[in-house]
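I opened this model to look up its helices, its cores and its charged pairs. My entries follow in the order I made them.

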Amino acid sequence: MEYKKLTIVISPFQEWLRDIITSQLANIGFDSFVDHNNGVDAYIPANLYHKGELNAVLDEFSEDFAFDVKSELIADRNWNEEWEKNYFKPLVVADECVVRAPFHKEFPHLKYEIVIEPNMAFGTGNHETTSLMLEYILKSDVAGKKVLDMGCGTGILGILCSMKEAKAVTAIDIDQWSFDGAIGNTKLNKIFNIDVKLGDAALLGEENYDLILANIQRNVLLNDMPSYNKVLNDGGTLIMSGFYSEDMHAIKEKAESLGLKDAGHQIKNNWVAYAFVKA
């Protein structure tokens, strides 16, 4: 799959504006972001990119800010080399888990060691939403439980659940890069109880789960939450991320309308991970 990479420079730079723009771009199909000190690199499947939609997002702030946008068409490439050169460094989560790539030679040896082969699916743990979800899993008892990972990306969340002795994990993503990457990473980590599927919430059927992880984005979460709730066992937990603190009210309102109870949240750089329990 070809991707379009947009490098957006904001003048004068404001971190809060970068966060808002990132959130709005996620709503129009952009699925991966890399922050830098004066803007953001945003990635979208080339067939989903529409310049008019981008302009509509930026025009909202054009009276007070200027935007320099450069675009690049990215074909398949050696993402291992790309991440090694530019982005992916070993990540330590809660002093219990290290996430690294196969090319890393120096890293701390902790209780859980997850090896991720970087590709366009990202999900290496360095994004706030992924690290927030990893922290939730680390402090949760998942042993013997059935887990669903929606929007699984590289499979990192499901892999940690399996390492913590989850009974079985179903990992679902709509993106081919993610599907292929998650399968590869389960093998790389010698994980054999994760069933990776290509698709969306329409794949959910008769199987029920004790823990559901959904790290996607606000609109998808609001749309698919009823489907998650339907397959969540009584007493089970739904943990969602991929949205900003200003979206918390909408997420909470939707969850509670389905009978889910607020079980707390965490915030990191305005990104949120929100837990709910099915009574």
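**Entry 1: helix α5.** I began with helix α5 (residues 156–163) in this predicted model. I took helices and strands as DSSP runs, numbered from the N terminus (helices H or I, at least four residues; strands E, at least two). In α5, 7 of the 8 residues are buried, so the helix is largely enclosed by the rest of the structure. Buried means under 20% relative accessible area, exposed over 50%, and partly exposed in between, with a 1.4 Å probe and protein chains only. The buried residues I listed are Ile156, Leu157, Gly158, Ile159, Leu160, Cys161 and Ser162. Glu165 follows α5 and has a positive phi, near 75 degrees.

**Entry 2: ground rules.** Residues are numbered from 1 along each chain as its sequence is written, and side-chain values use heavy atoms, with hydrogens and water left out. Because the model is predicted, local features need pLDDT of at least 70 and side-chain atom pairs count only at pLDDT 80 or more, while totals for chains, interfaces and linings use all residues.

**Entry 3: confidence.** I checked pLDDT, the predictor's confidence in each residue, from 0 to 100. The mean for the protein is 90, and 92% of its residues reach 70 or more. Where is confidence lowest, and where highest? Helix α3 (residues 79–86) has the lowest mean, 56. Strand β8 (residues 146–150) has the highest, at 98.

**Entry 4: cores.** Next I looked up nonpolar cores: sets of buried Ala, Val, Leu, Ile, Met, Phe, Trp, Tyr and Cys residues joined through side-chain atoms within 4.5 Å. The largest has 36 residues. Cys97, Val99, Ile114, Leu160, Cys161 and Leu213 have the most contacts inside it. The largest share of this core comes from α4, with 6 residues. A second, separate core holds 24 residues, including Leu204, Ala214, Phe243 and Phe276.

I then followed Ile114. I counted contacts as heavy atoms within 4.5 Å. Leaving aside neighbours within four places in sequence, Ile114 touches Cys97, Val98, Val99, Arg100, Ile156, Ile159, Leu160, Met163 and Asn189.

**Entry 5: α7 and α8.** How do the axes of helix α7 (residues 218–230) and helix α8 (residues 248–257) cross? They come within 10 Å and cross at roughly 5 degrees. Axes are lines fitted to C-alpha atoms, for helices over the stretch in contact, with angles from 0 to 180 degrees between N-to-C directions. From α7, Arg218, Leu221, Leu222, Met225 and Pro226 meet Ala250, Ile251, Lys254 and Ala255 of α8.

**Entry 6: salt bridges.** I used this rule: a side-chain nitrogen of Lys or Arg within 4 Å of a carboxyl oxygen of Asp or Glu. The count is 9.

Lys268 pairs with Glu135 at 2.9 Å, N to O. Lys268 lies in strand β13 (residues 260–268) and Glu135 in helix α4 (residues 128–138), so this pair ties together parts 133 residues apart in sequence. Lys268 is partly exposed, at 26%.

Glu15 pairs with Arg18, with the closest N and O atoms 4.0 Å apart. They sit 3 residues apart in helix α1 (residues 15–26), about one helical turn.

Asp195 is partly exposed at 38%, and Lys197 is partly exposed at 28%. Elsewhere, salt bridges that share partners join Glu15, Arg18 and Asp35 into one network.
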